[in-house]
Amino acid sequence: MKYNNIREALFLERPNRFIAYAWLDGEKVKCHVKNTGRCRELLIPGKSKVYLEDHGEGTARKTRYSLVKVIKGNQIINMDSQAPNKIAVEWLNSGAFGDDITFIKPEQKFGNSRFDVYYERVNGVKGFIEVKGVTLEEEGVARFPDAPTERGAKHLKELIKLKKDGNRCVVFFLIQHPAGKFFRPNWE
């Protein structure tokens, strides 16, 4: 995934899950946060180096900047929660999940949920994929979620219903932290 006009800044604060402030070129700027997880171990006020995508002056957006990456130690962690979905679609298109997929549609609604990816195979099998970007890492262990999630539980219940109806259902965990050596659920 490519970003345009990337600017290095210092993370200052995050008053809510969608907005952050960073110090950029001698001024405090407001940024859209593309990851609604807690990310407390990544976004440390006054310490974390972040990368902002600059959408330019006069943009129709509410914020000129989007916080897309953060540095932890010497590792770059992607903070864009849309990136894992795009990577999953690229993975499906590559044939890595099977070369018999005939149809792929991102953002497919079913019931009261919208799933990240819907696909169909030559043999008529239909599948739904819920993609989760994993940014929480502690001592080499990548964990998800980094906060309790009612929406995530709702999606899992919908996937169970879809599976009972004969569909193929997958939760795809994409570890976005290079130091993550293996994955486990974050029961805590």
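Reader: What does R143 form with E138?

Author: R143 and E138 form a salt bridge, with their closest N and O atoms 2.6 Å apart; the term requires a side-chain nitrogen of Lys or Arg within 4 Å of a carboxyl oxygen of Asp or Glu. This is a predicted model, in which local features need pLDDT of at least 70 and side-chain atom pairs count only at pLDDT 80 or more, while totals for chains, interfaces and linings use all residues. Residues are numbered from 1 along each chain as its sequence is written, and side-chain values use heavy atoms, leaving out hydrogens and water.

Reader: Is R143 buried or exposed?

Author: R143 counts as buried because its relative accessibility is 11%, and buried means under 20% relative accessible area, exposed over 50%, partly exposed in between (1.4 Å probe, protein chains only). E138 is partly exposed, at 40%.

Reader: And how many salt bridges does the structure hold?

Author: The structure holds 15 salt bridges. One of them joins the side chains of E130 and K132 at 3.1 Å, N to O, and both of these residues are buried.

Reader: Which side chain does D116 join in a polar contact?

Author: The side chain of N85, at 3.2 Å. A polar contact is a pair of N or O atoms within 3.5 Å; within protein, one must be able to donate a hydrogen and the other to accept it, and residues adjacent in sequence count only if both atoms are side-chain atoms.
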